[in-house]
Each structure stands twice: as C-alpha cells, then as structure tokens.
Amino acid sequence: MAVVFEKPHALTDAPFHYCPGCTHGIIHRLVAEAIDELGIEGDTIGVAPVGCAVFAYNYFNCDMIEAAHGRAPAVATGVKRARPDKTVFTYQGDGDLAAIGTAETVHAATRGENITVIFVNNAIYGMTGGQMAPTSLIGQVTATTPYGRDAKANGLPIRICEMLSTLDGVAYAERVSVDCVKNILSAKKAIKHAFECQLAGKGFSIVEVLSTCPTNWGLSPTEALEWLRANMMTQYPLGLFKGER
C-alpha cells in the first residue's frame, strides 16, 4: 500500500505541549517538511528563545540551541558565521522577535546575515500570561490592556515584514497564515523557499506566520481562527513583501 501521509522525519516523537487550537504544531510540521524535502536535516541548526516555542528543541530532529529572550538572531548569526556550511533558522514569537529582540532582528537583517527566521505572530504574549505585544491590535483586550489597546497610550502595531522589506540585506520576506488548508499549503511553500534562499546564499529571509492563541484570546479554537481572519488579516495582510517565489 502506498504511503500518502506520514510524520516528517525532521520531527521527533515527542508530543506537543501547546494548548488546544494553537497553530504552533502546524507550523512545526511545515518547517520539518521543508527540511525533509530539502534533505538538510543533518546539516540544520535551529535556534529557539524564550516563549511558547521554548521547547522547540524537543520537537525537531536536528541540532537545536536555546537562546536568551529575543537573542535568537544574534545566536544564529554566530552559528552561521562559525559554520557557514550549515542551514540555520530561528523560530520566534512576536513578543520575542518584535519586542525585546527588535534590535537583534533589525541588525541581523540589515547586515544580510544568511539565516532564516520563522516568525510566529499571534498578536499577544502567549507563555507569560497574555500581555500586550508590539503586534497586538488596536482595541485588543490583553492582560495589560484590559480596556483594549489604545493608540495614544500604547502606540500602534508593528508590521515586521513591511519594516524589514525596506532593508537591503533582506532577500526574502513574506507573510502567510495557517488558518485553512489553502493558506497552510502556501505557508509551506514560503517556508521551503526561505530555506532555499539561504542555501543559495542570498541573505536574510523571514516568513511571518499569522497564528492563533485561543487561551489568551479567551476564544475557542474555532472562534480563534475566525478572529484571526476578521481582525489580524486586516492589520497584517498576507503577501510577498521582498524577493521572489
């Protein structure tokens, strides 16, 4: 009997710890599928900092390094410069990448470091209790904005892909989502292409993935997907911002 579906080899057998309805698991699988298809598992090094992805080293069948909060691009830079023959990626949430790690992200990108960043944007701090993140939407209720994010008091959301696409060192920047089968297939292609950019030595690549956080949004998994489509995709439109695919 022909095998039509199986677990990617680049994923371990460890069960995910993520909350029901969280789409981190889908994104993990897409990263692993890309690694499998490119045949680079033995030459890949991942970097995961603090946040919901802190246990990513349990799930990927490649060498993994845990970085301090926000410092994954800096660690990845060091790894790639020391071992340019390896494929190096970071796996980061929005509270990590777009807040405490903003400087590391921007400067790694402007230097054109030949690394790949998988950026999971769920518009909130997930692991630490649901505080407002730089990507939280105007009016969004969080643990630190109980009456909704106010632009005057809290500033406006940061669009990471749009910002990074202005930098010359960025070879590829695309925003995708994993809310439905069509978008999951598109996200898979984007992640694989980001790795291909690195393999071709083109420079910094980033894939921003719109994700859900049912627990901290206070919604059911189904409601969370609907909220993402109705709210996040308006603030963060899907699309290619830099490079070709």
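Is Glu113 buried or exposed, and what is its relative accessible area? Glu113 is buried, with a relative accessible area of 6%; buried means under 20% relative accessible area, exposed over 50%, and partly exposed in between, with a 1.4 Å probe and protein chains only.

## Basis of the model

The model is predicted: local features need pLDDT of at least 70, side-chain atom pairs count only at pLDDT 80 or more, and totals for chains, interfaces and linings use all residues. Residues are numbered from 1 along each chain as its sequence is written, and side-chain values use heavy atoms, with hydrogens and water left out.

## The sheet

Seven strands form an open sheet: the 7 strands have the order E2-E1-E3-E4-E6-E5-E7, with mixed pairing. Strand E2 (63-66) and strand E7 (239-242) stand at the edges, each with a single partner strand, so one side of each has no neighbour in the sheet. On average, neighbouring strands are turned by 20° against each other, direction ignored. Strands (E, at least two residues) and helices (H or I, at least four) are DSSP runs, numbered from the N terminus, and two strands pair if DSSP finds at least two bridges between them.

Strand E1 runs parallel to E3, to which 4 bridges join it, and Gly46 stands opposite Phe89 in E3. E1 is also parallel to E2, again with 4 bridges; here the bridge partner of Ile45 is Asp63. Both faces of E1 are covered, with Thr44, Gly46 and Ala48 buried on one side and Ile45 and Val47 buried on the other. In a regular strand, side chains alternate between the two faces of the sheet. Elsewhere in the sheet, 6 bridges join the parallel strands E4 and E6, and Val117 has Ile206 in E6 as its bridge partner.

## Helix H1

Helix H1 (residues 24-38) has 15 residues and reaches 21 Å from its first C-alpha to its last, close to the 21 Å expected at 1.5 Å a residue; the expected span is 1.5 Å times one less than the number of residues. Of these 15 residues, 11 are buried, among them Ile27, Leu30, Val31 and Ile35. The buried residues of H1 pack against strands E1, E3, E4 and E6 and against helix H7 (181-199), where contact means heavy atoms within 4.5 Å. Just after H1, Gly39 takes a positive phi of about 65°.

## Salt bridges

The structure holds 13 salt bridges, each a side-chain nitrogen of Lys or Arg within 4 Å of a carboxyl oxygen of Asp or Glu. Lys188 and Glu33 meet in one of them, at 3.3 Å from N to O. Lys188 lies in helix H7 and Glu33 in helix H1, so the pair ties together parts that are 155 residues apart in sequence. Both Lys188 and Glu33 are buried.

Glu113 forms a salt bridge with Arg81, the closest N and O atoms being 2.5 Å apart. Glu113 lies in the loop between helix H4 (102-110) and E4, and Arg81 in helix H2 (residues 72-82), so this pair ties together parts that are 32 residues apart in sequence. Arg81 counts as exposed, at 57% relative accessibility.

## A positive phi in a loop

Ala123 is a residue other than glycine with a positive phi, near 65°. The place of Ala123 is in the loop between E4 and helix H5 (151-154). Ala123 is buried, with a relative accessible area of 0%.

Notes: Axes fitted to C-alpha atoms, helices over the stretch in contact; angles between N-to-C directions.
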